[in-house]
Amino acid sequence: MDKHCKRVVNFDETLAEKAGNNLTKGAFMDSSVVLVTPELAKKFLEHNNNNRKLRQQLVDLYAKQMSRQEWFLTHQGIAFNCDGTLLDGQHSLAAVVKSGK
């Protein structure tokens, strides 16, 4: 186990198993709110080696929203696995780089 990962005790792992959800077993998670600058977004994107194809149209849309200050903190975060591989958020990060915001 990576020293930066923490064991998550699911509030009802038994119920999740009964529902057929085995994703909670052995899950590790840590979260924090971080202001992602264009420089930090570039560094995060260096670890984007196992994601879907980047959709430029979506990046452009997000970048325009960011430039118009229409981008807000939500529950939709940037996700990495324990070895640092980017799992979710490539379009948002690319838009941060493009918008410079």
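Is the crossing of helix 2 and helix 4 left-handed or right-handed? In this predicted model, the crossing of helix 2 with helix 4 is left-handed. The sections below set this pair in the context of the whole chain.

## Overall architecture

The chain contains four helices and two strands. Their order along the sequence follows the pattern α-α-α-β-β-α. Of the 101 residues in the chain, 21% are buried. Among contacts with a separation of 6 or more, 64% involve residues 24 or more positions apart.

The buried positions are Q90, H91, S92, L93, A94, A95, V96 and S99. The elements covering them include helix 2 (38-45), helix 3 and strand 2 (86-88). After helix 4 comes G100, which has a positive phi near 75°.

S92 belongs to helix 4. Its relative accessible area is 19%, and since buried means under 20%, S92 is classed as buried. Leaving aside residues up to four places away in sequence, S92 touches Y62, M66, W71 and I78.

## Packing of helix 2 against helix 4

Two packed helices are described by the angle between their axes and the distance between the axes. For helix 2 and helix 4, the axes come within 8 Å and cross at roughly 140°. That angle makes helix 2 oblique to helix 4. On the helix 2 side, the residues in contact are P38, A41, K42, F44 and L45, and they meet Q90, L93, A94, V96 and V97 of helix 4. Classified by residue type, this contact has eight nonpolar residues, one polar and one charged.

A41 lies in helix 2. With a relative accessibility of 0%, A41 counts as buried. When residues up to four places away in sequence are not counted, A41 touches V36, L93, V96 and V97. A41 and A95 are 54 residues apart along the chain, and their C-alpha atoms are separated by 8.9 Å.

## Packing of helix 3 against helix 4

At what angle do the axes of helix 3 and helix 4 cross? The axes of helix 3 (residues 56-67) and helix 4 (residues 90-99) cross at roughly 55° and come within 8 Å. These two helices are therefore oblique to each other, and their crossing is right-handed. Helix 3 contributes Q56, L58, V59, D60, Y62, A63, M66 and S67 to the contact, while helix 4 contributes H91, S92, A94, A95, V96, K98 and S99. By class, the contact of helix 3 with helix 4 comprises eight nonpolar, five polar and two charged residues.

Residues up to four places away in sequence aside, M66 touches W71, S92, A95, V96, S99 and K101.

In soluble globular proteins, nonpolar side chains tend to be buried together. Here, the largest nonpolar core has ten residues in all: V36, A41, V59, A63, M66, L86, L93, A94, A95 and V96. Helix 3 and helix 4 each supply at least two residues of this core. Which helix gives the most to this core? Helix 4 does, with four residues.

A41, L93, A94 and V96 are among the residues where helix 2 and helix 4 meet.

## A positive phi outside glycine

Q69 has a positive phi, near 60°, although Q69 is a residue other than glycine. This residue is located in the loop between helix 3 and strand 1 (79-80). Is Q69 buried or exposed? Its relative accessibility is 63%, so Q69 counts as exposed.

Terms used:
Residues numbered from 1 in each chain as written. Predicted model: local features only at pLDDT ≥ 70, side-chain atom pairs only at ≥ 80, totals over all residues. Heavy atoms only, no water. Axes fitted to C-alpha atoms, helices over the stretch in contact; angles between N-to-C directions. Parallel < 35°, antiparallel > 145°, perpendicular 65-115°, else oblique. Left-handed = near helix turned anticlockwise from the far one by under 90°. Contact = heavy atoms within 4.5 Å. Nonpolar A, V, L, I, M, F, W, Y, C, P; charged D, E, K, R; others polar. Buried < 20%, exposed > 50% of the residue type's maximum accessible area, 1.4 Å probe, protein only. Core = buried A, V, L, I, M, F, W, Y, C linked by side-chain atoms within 4.5 Å.
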